[in-house]
Amino acid sequence: MEDTLIDELRTVYDAQLRGVTPPGGSARVEKDGPLTRVVGWHRGFVTGPRDLGVYGAELDTLIARQRDFYAARGEAVEWKTRAHDLPTDLTDRLTAAGFVAEGSETVLIGQSADLASDPVLPDGVTLRRVTSRSDLQRIAAMESTVWGEDWSWLADDLAARVENAPENTIVLVAEARAEVVCAAWLVFNDGVDFGGLWGGSTLKEWRGQGLYRAMVAQRAQLAAVREVPYVYVDASPDSAPILTRLGLHAVTTTTPYVWSP
């Protein structure tokens, strides 16, 4: 029963979530054969259908073309792979072309109505939706602290998404004494049966207090109200067990392969 459900969810995922949400701002989406790529983000991005339908030397040429395209721009590029992609030697050929695997994440899908509830927050913490540049910069600063690297680009990325699709991009912050302690966003795409759960990072001293769970509940509630049946997330090893306990189902894993100039 569970295996059948996961197969069904994976099929819907492959049918609807292999493209890219229009990025807005100065970024643009292009096609190259079976691939979709984004130009103008903080680094390039490439994704494709489950089966590229390209093999051997022809696949090597397609991979090299993406690498060389971004090399000419002086940019790094992420090629988003999934564990069930075809052809099965795609990742070997990416590696041979100089792409390096980053950490894998688990793709989990849940039904919005089952996950929706009023968020339960720790004492002294409030949750609100934000759209202002100053709030988005505060989120980027918090993310930089959490990950120990410069995430200042995130403010521009979120601002472009909010400007381009204000109804489809919902950015939430949890605050304690005016400090951003957790942030997450929910992204819809017109005509797609999924809301994407992104972010969800929490300052170290605030972890283990239910903030991540509260963010999932709030975003699932917003998706359910909008009658979007599913939510999905690319989850880190830390988050995946929490999401599984909440009732989401692991359908595959995703690994970014990155080439840097």
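**Exercise 1.** Leaving aside its neighbours within four places in sequence, which residues is Thr 252 in contact with?

*Solution.* Before we start, note that this is a predicted model, in which local features need pLDDT of at least 70, side-chain atom pairs count only at pLDDT 80 or more, and totals for chains, interfaces and linings use all residues. Residues are numbered from 1 along each chain as its sequence is written, and side-chain values use heavy atoms, with hydrogens and water left out.

Step 1: Collect the contacts (heavy atoms within 4.5 Å). The partners of Thr 252 are Arg 82, Ala 83, His 84, Glu 105, Thr 106 and Val 107.

Step 2: Look at the side chains. Those of Thr 252 and His 84 are joined by a polar contact of 2.9 Å. The term means a pair of N or O atoms within 3.5 Å; within protein, one must be able to donate a hydrogen and the other to accept it, and residues adjacent in sequence count only if both atoms are side-chain atoms.

**Exercise 2.** Is Thr 252 buried or exposed?

*Solution.* Step 1: Recall the cut-offs: buried is under 20% relative accessible area, exposed is over 50%, and partly exposed is in between (1.4 Å probe, protein chains only).

Step 1: Thr 252 has a relative accessible area of 9%, so this residue is buried.

**Exercise 3.** Where do Arg 177 and Ala 178 lie, and what are their phi values?

*Solution.* Step 1: Arg 177 sits in the loop between strand 8 (169-176) and strand 9 (179-188), and Ala 178 is found in that loop too.

Step 1: Neither residue is glycine, yet phi is positive, near 50° for Arg 177 and near 70° for Ala 178.

Step 2: Arg 177 is exposed because its relative accessible area is 72%; Ala 178, at 63%, is exposed as well.

**Exercise 4.** Which peptide bond is cis, with omega near 0°?

*Solution.* Step 1: Go to the loop between strand 4 and helix 3 (90-96), where Pro 87 lies.

Step 1: The bond from Leu 86 to Pro 87 is the cis one.

**Exercise 5.** How many residues does helix 7 have, and how far does it reach?

*Solution.* Step 1: Helix 7 (residues 211-225) has 15 residues.

Step 1: From first C-alpha to last, helix 7 reaches 21 Å, close to the expected 21 Å, where the expected span is 1.5 Å times one less than the number of residues.

Note on methods. Helix = DSSP H or I, 4+ residues; strand = E, 2+ residues; numbered from the N terminus.
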